[in-house]
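Here are my notes on this model. Please read them with the structure open.

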Amino acid sequence: MTSPTSPQSPTSPLARLADLRADDLPVHTGRTLAYVFDSGLPEVDRVAREAVAAFASTNGLDPTAFPSLLQMENELVGFAARLLEAPEDAVGTVTSGGTESVLLAVQAARDGAPGVHRPSMVLPDTAHAAFHKAAHYFGVEARVVPTGADHRADPAATAEAVDDTTVLVVASAPSYAHGVVDPVPALAALARDRGIRCHVDACIGGWVLPYAARLGRPVQPWTFAVEGVTSVSVDLHKYGYAPKGASLLLHRDASLRRPQLFAWADWPGYTMLNPTMQSTRSGGPVAGAWAVVQALGDDGYLELTRKALEATDAVVAAVEEAPALRLVAPPDSTLVAFTTDDTCDPFTVVDEMQERGWHVQPQLSHRGRKASVHLSVSAATADHVPELRAALADSVAAAVARGPVEVDPGVAALIAALDPAGLTDADFDGLLAAAGLASGGGGGFALPARRAEVNALLDLAAPALREAVMVAFLDRLSRPAR
Ligand SMILES: *Cc1c(COP(=O)(O)O)cnc(C)c1O
């Protein structure tokens, strides 16, 4: 007989965890093209898992208590500094993720300009949502500059938007939604001329572009080698292929990072001293990332980048081959976005891909841009390119056979007229139920396997209504399980 705590028991926590995982997206099949980044190297994943487990209970709160964590952090920053062509004086911090890196870049820019009464930052409309979260948290006004037909930031319009309240100019390398690199030299120069910081958000591309350049691919300048770039964010848990919970924020010099460091001594407990938003910081993600970077090294990343870029080329070819699909922009790295013509809609293509075992991400229409499908292509996908191409061709054929989702014109008019500010909880219950997202009346939720209808409805809503509906949805999802 096995006791409930033995790993073999079906009621042991580990057995139950395995059961719980059954409904999740797979993370190591090369077929999940959003949320996860897969090296396709089981040995690297094993090393990562063991490193995380070994350090899960250590605490980065006090670097003198756990010097191993400080050492690993400094080595990770050193590796990244070389990759990002940072000067000798550059410094950096391991954070919990891209959002935290972006939040801290904005917070440091705000607090680095204490004389500015109502600080603002200027960003392209393609900048990551994390900057808007930073605006919300830190009271820094986000001045959004439209991007043009090439989806890249517009330096002239950016210059116009800058004034004496501006503490930060933002560029992406590349943007998440369209995978293109902003004109960093022009943006950084205009920031520098005005004595303003310039942050390059390379959260998703920062570990790819340097190796792409070494492989002879054309890469526009975007690193610290560009004068005027004052900080760069790059996620280890994306194309660093590290376990989740690790990103880096680098500053050109220590004085730029200073406002990011927080100390508090005016209470009866220990003097709190933190470089990030967290105080207790698990050593797990730091050790996991460090182990992966050690295991892969420059040669490993070069090879993984070669594979990911080859897979990206194949995806691009497949999109170009499908008469119903249009590439949004030629990818500058490993991110692909495509739209459809009127014979089908992108949301149905996403559902059809899901039915064939491929997870790709829908992107709703925005500011005149059509809805699209996003793929973050990782190295592991390179081993499945023929299946991916077949799945995409079959999915498009199936989506064309179904035709685009038709929303009743009355419903469309209703959505267009809804003001989220005037909606009550009961209204949201009704809306979620009508969209098939909840049973309504607080009776739990059911997510349909096919989401094209829901996405088509959301697509008709203005961003503020989308946000309100999604917040209402999240609120109803997160209730205690007793
Ligand atoms: C993923 C991403 C972020 C946010 O990173 P998280 O790790 O999800 O918090 C920020 N910027 C860009 C460009 C990204 O791709």
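**Sheet first, then helices**

1. Four strands make an open sheet, ordered β10-β11-β13-β12, with antiparallel pairing. Two strands pair if DSSP finds at least two bridges between them. β10 (325-327) and β12 (361-363) are the edge strands, each with a single partner, so one side of each has no neighbour in the sheet. Direction ignored, neighbouring strands are turned by 35 degrees against each other on average.

2. On provenance: this is a predicted model, in which local features need pLDDT of at least 70 and side-chain atom pairs count only at pLDDT 80 or more, while totals for chains, interfaces and linings use all residues. Residues are numbered from 1 along each chain as its sequence is written, and side-chain values use heavy atoms, with hydrogens and water left out.

3. Strand β11 (residues 335-340) pairs with strand β13 (residues 372-376) over 4 bridges, in the antiparallel sense. Valine 336 is opposite leucine 375 in β13. Helices (H or I, at least four residues) and strands (E, at least two) are DSSP runs, numbered from the N terminus.

4. What lies across β11, β12 and β13? Helix α11 (residues 346-355) does, and runs at about 175 degrees to β12. Axes are lines fitted to C-alpha atoms, for helices over the stretch in contact, and angles run from 0 to 180 degrees between N-to-C directions.

5. Helix α2 (residues 42-55) packs on α10 at about 150 degrees, with the axes 7 Å apart. α2 is therefore roughly antiparallel to α10 (over 145 degrees; under 35 is roughly parallel, 65 to 115 roughly perpendicular, the rest oblique). The contact (heavy atoms within 4.5 Å) includes Val44, Val47 and Phe55 of α2 and Gly283, Gly284 and Leu296 of α10. By class, this contact has 10 nonpolar, 3 polar and no charged residues. Ala, Val, Leu, Ile, Met, Phe, Trp, Tyr, Cys and Pro count as nonpolar, Asp, Glu, Lys and Arg as charged, and the others, Gly among them, as polar.

6. Helix α10 (residues 283-321) also packs with helix α12 (residues 385-402), at about 25 degrees and with axes 10 Å apart. The two are therefore roughly parallel. Among the contact residues are Ala311, Val315 and Glu321 of α10, and Leu388, Arg389 and Leu392 of α12. The classes here are 9 nonpolar, no polar and 2 charged.

7. The domain assignment gives domain 1 (50-292), domain 2 (306-402) and domain 3 (409-477). Such bounds come from an automatic or database domain assignment. The centres of domain 1 and domain 3, taken over C-alpha atoms, are 34 Å apart.
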